[in-house]
Every structure is written in C-alpha cells, then in structure tokens.
Amino acid sequence: MKLIGVGVGPGDIELFTLKAINAIEEAAYIFIPESRGKSIAYDIARPLLEDKYNIIFLDIPMGCGRDLYKTYAERIFRTSEGKTSVFLTLGDPSIYSTFIYIADEIKNLGGDVSTIPGIPSFIAAAALIGEPLLRKGDKMIVCDSIDEIDLKGLDAVVVLKTLDKEKILNLLEEEGFKYFYIKRCTQKDEIVLTDREDILKDNDYLSMIIAKRS
C-alpha cells in the first residue's frame, strides 16, 4: 500500500495545490486525524470532501505516544492493502505534523510513503503582514519554543506555539526584535496583533509569533 501525506495549508481553501486536490480525488481512502471529535484539517478541506464516502476519521490526541501511532498505522495499512490512500494534515506534512509519526510506522510495516506539500502557516502569515522572512545572508529559526535558543545572530524568529506568550515576548524584546502575533492565518477570523498587551490577552491554539530584527 501507499500512503500520501497531503498538506491542506493554513486555512484558505484557495491555497490548496492542484496536486493535493488530484490526490484526494484519486485516493482509495481519505484518512483524517481528529481530536475530541474535531479536525481542523477536515474543516479546511470540507468543500472538497462533501461528496466523499471513503473518509475515515482517526481519533489521535495531541502528544500521544508511539504505541497509538503504531496502532493507527496498522489500521491504515490493513484498510489500504494494495491501494493508495491519503492522510490529510494541517499546513505542510513535514512540519510538526501527526503524519510524520504515522509515516514512520507505515514504513516499518513495509508500506510506501510520500508527501504533497502544503503552504505552511508561517509562509502565509509572512504574506499577510507584508514582511519578507529572509533576505540574502539572513538567518532564521522556526520552532515551537524558544527556550534555550540563543537568539543572537538570528534575523528572524518564527514561534509556532505561543502558550507562554509573556516569556516569548520578553526574550524577543531583550534582543531587539519587533514582532507580530498572527491568529488563524487565512481563515475568516484571522487577526494580526502587534501591541504587547493585546497579544497577552489573546489565546488561540492556531496562533504564531513572527519576529524580525528592528
């Protein structure tokens, strides 16, 4: 069997690639991860899935261990035997995605794995705020935490999980960065904040901070 990790992008259905759409159309099964009955990837791709009867939801909680990934990989492997299926993932399959861990287990079972890239949220966010992330010679880090990261020598910082916003902003300010807080980029309720107090008041899992040296 073959499993294709399909990146659905950050939220705007118009950012889907043609290759992703074709893969969904041709898939034997469409596997979609969800947590507590909710799936952001499904919500984004819904207009492409309304007439599909080959969708299988997988209840994969955040931060689960290898045993659960292995269990779901075995289910995917058995269900898709001899066929090509897709696994939808928010953003891009190669960046902090559940698919990375499922793919490892599929390979261990002898299956083939490939990916179709999706537009990462921070790339879409850079377009939204009108800020180039990198110029020639610049250095940037993309991370889910800036703890223990030396910001000296970096020109841009992207933090994709903003649970401890106060600490993040303090570190960025100490190093002279200007920053943007972007919530639900490309979605109908997207917001861009630059005021420190406004940022600290907001809370949303689908948020990030992009920082550039002033």
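The model is predicted: local features need pLDDT of at least 70, side-chain atom pairs count only at pLDDT 80 or more, and totals for chains, interfaces and linings use all residues. Residues are numbered from 1 along each chain as its sequence is written, and side-chain values use heavy atoms, with hydrogens and water left out.

**The sheet**

- Five strands form an open sheet in the order β6-β7-β10-β8-β9, with mixed pairing. Strands are DSSP runs (E, at least two residues), as are helices (H or I, at least four residues), numbered from the N terminus. Two strands pair if DSSP finds at least two bridges between them.
- β6 (140–143) and β9 (191–193) are the edge strands, each pairing on one side only.
- From one strand to the next, the twist averages 15 degrees.
- β7 (residues 156–159) and β10 (residues 207–213) are antiparallel and share four bridges. Ala-156 has Lys-212 in β10 as its bridge partner.
- β8 and β10 run antiparallel, joined by seven bridges. Here Tyr-179 partners Ala-211 in β10.
- β8 and β9 are also an antiparallel pair, with three bridges. Ile-182 stands opposite Val-192 in β9.
- Six of the seven residues of β8 are buried. Buried means under 20% relative accessible area, exposed over 50%, and partly exposed in between (1.4 Å probe, protein chains only).

- Which strands does helix α5 touch? Helix α5 (residues 121–129) packs on the sheet and touches β6, β7, β8 (177–183), β9 and β10. Contact means heavy atoms within 4.5 Å.
- The direction of α5 makes about 60 degrees with that of β10. Axes are lines fitted to C-alpha atoms, for helices over the stretch in contact, and angles run from 0 to 180 degrees between N-to-C directions.
- Helix α6 (residues 165–174) also packs on the sheet, touching β7, β8 and β10. Its direction makes about 150 degrees with that of β8.

**Asp-92**

- Asp-92 sits in the loop between β4 (84–89) and α4 (98–108).
- Asp-92 is buried but has no salt bridge. The nearest side chain of opposite charge is Lys-19, 12 Å away. For charge, Lys and Arg count as positive and Asp and Glu as negative; His and the chain ends are not counted.
- The Asp-92 side chain reaches the backbone nitrogen of Gly-118 at 3.1 Å.
- Leaving out residues up to four places away in sequence, Asp-92 touches Gly-7, Ser-97, Pro-117, Gly-118 and Pro-120.

**Salt bridges**

- The count comes to twelve salt bridges. The rule requires a side-chain nitrogen of Lys or Arg within 4 Å of a carboxyl oxygen of Asp or Glu.
- Lys-52 and Glu-25 meet at 3.0 Å, N to O. Lys-52 lies in the loop between α2 (40–49) and β3 (55–59) and Glu-25 in helix α1 (residues 18–26), so the pair ties together parts 27 residues apart in sequence. Lys-52 is buried at 17% relative accessible area, whereas Glu-25 is partly exposed at 48%.
- Lys-212 and Glu-131 form a salt bridge with their closest N and O atoms 3.7 Å apart. Lys-212 is in strand β10 and Glu-131 in the loop between α5 and β6, 81 residues apart. Lys-212 is buried at 10%, and Glu-131 is buried at 18%.
- Glu-131, Lys-178 and Lys-212 are linked in a salt-bridge network.
- Asp-147 and Lys-167 pair at 3.1 Å between closest N and O atoms.

Definitions and conventions. A polar contact is a pair of N or O atoms within 3.5 Å; within protein, one must be able to donate a hydrogen and the other to accept it, and residues adjacent in sequence count only if both atoms are side-chain atoms.
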